[in-house]
Amino acid sequence: MMSLLVRPHAADDAGTVLEVTPESAGWRHVGFRVVKLSAGQSHSGGEAGREVCLVVLSGTVTVAADGEIHAGLGERADVFSGAPASVYLPAGMDWTITAESDAEVAVCSAPGTGKGAVRVLRPEAVEVRGKGTNTRHVRNILSDADDVAESLLVVEVITPGGNWSSYPPHKHDRDAAPEETLLEETYYHRLSPPQGFAFQRVYTEDGSIDETMAVHDGDVVMVPRGYHPVGAPHGYDLYYLNVMAGPVRKWVFQNDPAHDWIVR
């Protein structure tokens with residue numbers, strides 16, 4: 001079985017430093033790419049049957065799509081420095097990102113039919129989940145409570161050093177709504193300070209998947225199915241950007257029964 005861990009590489013001519021496609025992941029829905037652009041550099045995309053959410057990780061960019069120009073998007077120096085600016089783009093729409101300053105942008109994609117409209121998203125609300133060493137801070141960019149996207153669910157999470165996240169271990173790999181929904185998922189990890197590391201385990205009840213990974217700044221973990229908890233060591237805050245998609249745009253999960261007592 002291929003590793004679920006994907007590490008970044010030097011930027012190619014288009015600025016891409018990391019990419020997960022349905023073909024490379026061996027699944028059907030989620031696509032994820034990170035581009036690093038120097039000031040003035042552009043990156044273009046657009047694919048029939050694939051909707052996109054552009055998340056400005058750092059720096060400031062202009063996004064052009066459908067005859068619209070959205071300038072001055074992004075104000076944070078890094079992912080730990082405030083709220084993101086994001087742009088939703090319906091399936092089949094051509095788009096171009098142009099960096100106004102050095103910038104990093106995540107390109108999140110999933111199947112779509114092309115309905116909907118371009119939307120600039122600036123989520124400010126932060127939800128605190130858990131308590132004690134299970135506390136994390138969540139900012140929804142595209143959630144199942146809105147009707148912006150057709151398939152995509154996108155969320156940022158910051159887990160303080162010494163804390164656990166996506167915990168108790170939970171899964172969403174059965175197409176059995178309303179009890180559980182099938183959602184493929186990527187975790188894009190960043191650390192502060194960046195020389196740190198964190199741990200993520202992905203495992204299934206039958207043991208067909210059981211991989212524990214030390215993740216570093218800029219790594220992606222793919223979650224095709226199974227439980228997937230994350231731990232951040234003391235001294236290193238952990239950010240991750242989750243992208244999820246599946247047959248139903250609803251996040252309904254089940255905790256690992258062995259550990260569900262933690263939240264009862």
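Ile262 is partly exposed, with a relative accessible area of 31%, where partly exposed lies between buried (under 20% relative accessible area) and exposed (over 50%), using a 1.4 Å probe and protein chains only. Ile262 is placed in the segment after strand S25 (254-255), and together with Trp261 and Val263 it makes a nonpolar surface patch of about 300 Å². Such patches consist of residues with over 30% relative accessible area and no salt bridge, with nonpolar side chains (Val, Leu, Ile, Met, Phe, Trp, Tyr) joined within 5 Å and like charges within 9 Å; a salt bridge is a side-chain nitrogen of Lys or Arg within 4 Å of a carboxyl oxygen of Asp or Glu.

The model is predicted, so that local features need pLDDT of at least 70 and side-chain atom pairs count only at pLDDT 80 or more, while totals for chains, interfaces and linings use all residues. Residues are numbered from 1 along each chain as its sequence is written, and side-chain values use heavy atoms, with hydrogens and water left out.

The protein chain has one helix and 25 strands; helices (H or I, at least four residues) and strands (E, at least two) are DSSP runs, numbered from the N terminus. The radius of gyration of the protein chain is 17 Å, close to the 18 Å that the globule rule gives for 264 residues, so the chain is as compact as a globular protein of that length. This radius is taken over C-alpha atoms, and the rule is 2.2 Å times the number of residues to the power 0.38. Of the 264 residues, 53% count as buried.

Strands S15, S23, S20 and S21 form, in that order, an open sheet with antiparallel pairing, in which two strands pair if DSSP finds at least two bridges between them. The table lists its edge strands, each of which pairs on one side only.

| Edge strand | Residues |
|---|---|
| S15 | 164-165 |
| S21 | 210-216 |

Strand S20 (residues 197-203) pairs with S21 in the antiparallel sense over seven bridges, and Val202 has Glu211 of S21 as its bridge partner.

Elsewhere, Ser86 is found in strand S8 (residues 86-89) and is buried, with a relative accessible area of 0%. Beyond its neighbours within four places in sequence, Ser86 is in contact (heavy atoms within 4.5 Å) with Cys53, Leu54, Val55, Arg119, Val120, Leu121 and Ile141.

Key: Accessible areas come from the Shrake-Rupley method with a 1.4 Å probe; for residues, only the protein chains shown count as cover.
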